[in-house]
Amino acid sequence: MSIALSPIIAGTMNWGVWSKNMTAAEMAALMHSCLEYGITTFDHADIYGGYTTEGEFGKAFAESGINRESIQLISKCGIQHVTGNRSNKVKHYDYSKDYIIKSTEGSLKNLNTDYLDILLLHRPSPLMEPDEIAEAVENLKQAGKIKTFGVSNFTNTQTDLIRSRTDVFCNQIEFSATSYQPMLDGSLDYMQLNNIRVLAWSPIGCVFKQDTAQTQRLKQLLMELVVKYEVTADVILLAWILRHPAKILPVTGSTNPERLKNQMKAAQVKLELEDWFAIWTESMGTKVP
């Protein structure tokens, strides 16, 4: 089953207590802003905010008056954190059939929705049983609780393992101008070959978070490209991702409405071929092979 997603996805990890700690009214306002700008897809995980952000978002969604059919909700399950409201003694992954179903049903309740557009396994586990995962996915699909299913941070062989038992719609991976390894290790080729959608978390990379030789080179180039394309540096970095033929969808972590509005310009910016390679070259610190 194919799901239509917005060209840029709103990541909600920073909406709750892990970062901005927004009120329900603030979350509802941000949802409306996202829809106004054409961002209709919201990315969650049960663990965000120590298992609290989905519930806060759900309250805001209920108050927002937004039609459920006008948005797409993604959530992830499987990571068992050690938190005050759980009895875990060590962080681990749980992909038993019962846990996947229970976690998904918890996300549905918290998000105030009857279904998820996409359920993702958050990170691969050495102990995951593909048959058991497939049983859980089929159970959830038949019950109308998820529309489709995918993975997150999975390698190609790990994805193949799951695909041997059930369809995989997408893989959410780290990808940016500073974390470009998926272009070199066959991951993006694999997903194109197998019609698996690519979602990219941390799409801006570390350009504005770290002061390294790599980020200094990129910032110098971005100063030139900002003038040439008449957009901000973050838009250039998102456009670099969108230029790839794998049709990658960036998951932005911004909670600033004006920045989100601005970032949507990336969907209209097509970097010239040499500019695209110039960004990759500056990131590597050497000319392409």
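Biologist: How does the lining of the largest pocket split by class?

Modeller: The lining has 10 nonpolar, 13 polar and 6 charged residues. Here Asp, Glu, Lys and Arg count as charged, Ala, Val, Leu, Ile, Met, Phe, Trp, Tyr, Cys and Pro as nonpolar, and the others, Gly among them, as polar. This is a predicted model, in which local features need pLDDT of at least 70 and side-chain atom pairs count only at pLDDT 80 or more, while totals for chains, interfaces and linings use all residues. Residues are numbered from 1 along each chain as its sequence is written, and side-chain values use heavy atoms, with hydrogens and water left out.

Biologist: What volume does the largest pocket have, and which residues are closest to its centre?

Modeller: The largest pocket holds about 630 Å³ of space. It is lined by 29 residues, and Met13, Asn14, Trp201, Ser202 and Gly253 are the closest to its centre. A pocket is an open set of points on a 1 Å grid over the protein atoms alone, where a 1.4 Å probe fits, with protein on both sides within 12 Å along at least five of seven lines; lining residues have an atom within 4 Å of a point. The volume is the space filled by probe spheres set on the points, which are joined across faces, edges and corners.

Biologist: Which elements give two or more residues to that lining?

Modeller: β10 (249–252) and α11 (257–263) do. Helices (H or I, at least four residues) and strands (E, at least two) are DSSP runs numbered from the N terminus.

Biologist: And the second largest pocket, what lines that?

Modeller: Its lining includes Met1, Ser2, Thr148, Arg163 and the run from Thr166 to Phe169, along with Asn194, Asn195, Ile196 and Arg197. The volume is about 210 Å³, and the lining has 4 nonpolar, 5 polar and 3 charged residues.

Biologist: Changing topic. Which strands close into the barrel?

Modeller: The order is β1-β2-β3-β6-β7-β8-β9-β10, 8 strands with parallel pairing. The twist from one strand to the next averages 30 degrees, with axes as lines fitted to C-alpha atoms and angles running from 0 to 180 degrees between N-to-C directions.

Biologist: How many bridges join β3 to β6?

Modeller: Strand β3 (residues 72–77) and strand β6 (residues 116–121) run parallel and are joined by 4 bridges; strands pair if DSSP finds at least two. Ile74 stands opposite Ile118 in β6.

Biologist: How many salt bridges are there in the whole structure?

Modeller: The search finds 10, each a side-chain nitrogen of Lys or Arg within 4 Å of a carboxyl oxygen of Asp or Glu. One of them pairs Asp43 with Lys76, with the closest N and O atoms 2.7 Å apart. Asp43 lies in strand β2 (residues 41–43) and Lys76 in strand β3, so this pair ties together parts 33 residues apart in sequence.

Biologist: Is Asp43 buried or exposed?

Modeller: Buried, at 2% relative accessibility, and Lys76 is buried too, at 1%. Buried means under 20% relative accessible area, exposed over 50%, and partly exposed in between (1.4 Å probe, protein chains only).

Biologist: What does Glu105 form a salt bridge with?

Modeller: Lys145, with the closest N and O atoms 2.5 Å apart. Glu105 is in helix α4 (residues 97–111) and Lys145 in the loop between α5 (130–142) and β7 (146–152), 40 residues apart. Glu105 is partly exposed at 34%, as is Lys145 at 22%.

Biologist: And which residue does Glu272 pair with?

Modeller: Lys228, at 3.0 Å between the closest N and O atoms. Glu272 lies in the loop between α11 and α12 (273–284) and Lys228 in helix α9 (residues 213–229), so the pair ties together parts 44 residues apart in sequence. Shared partners also join Lys228, Glu272 and Asp275 into one network of salt bridges.
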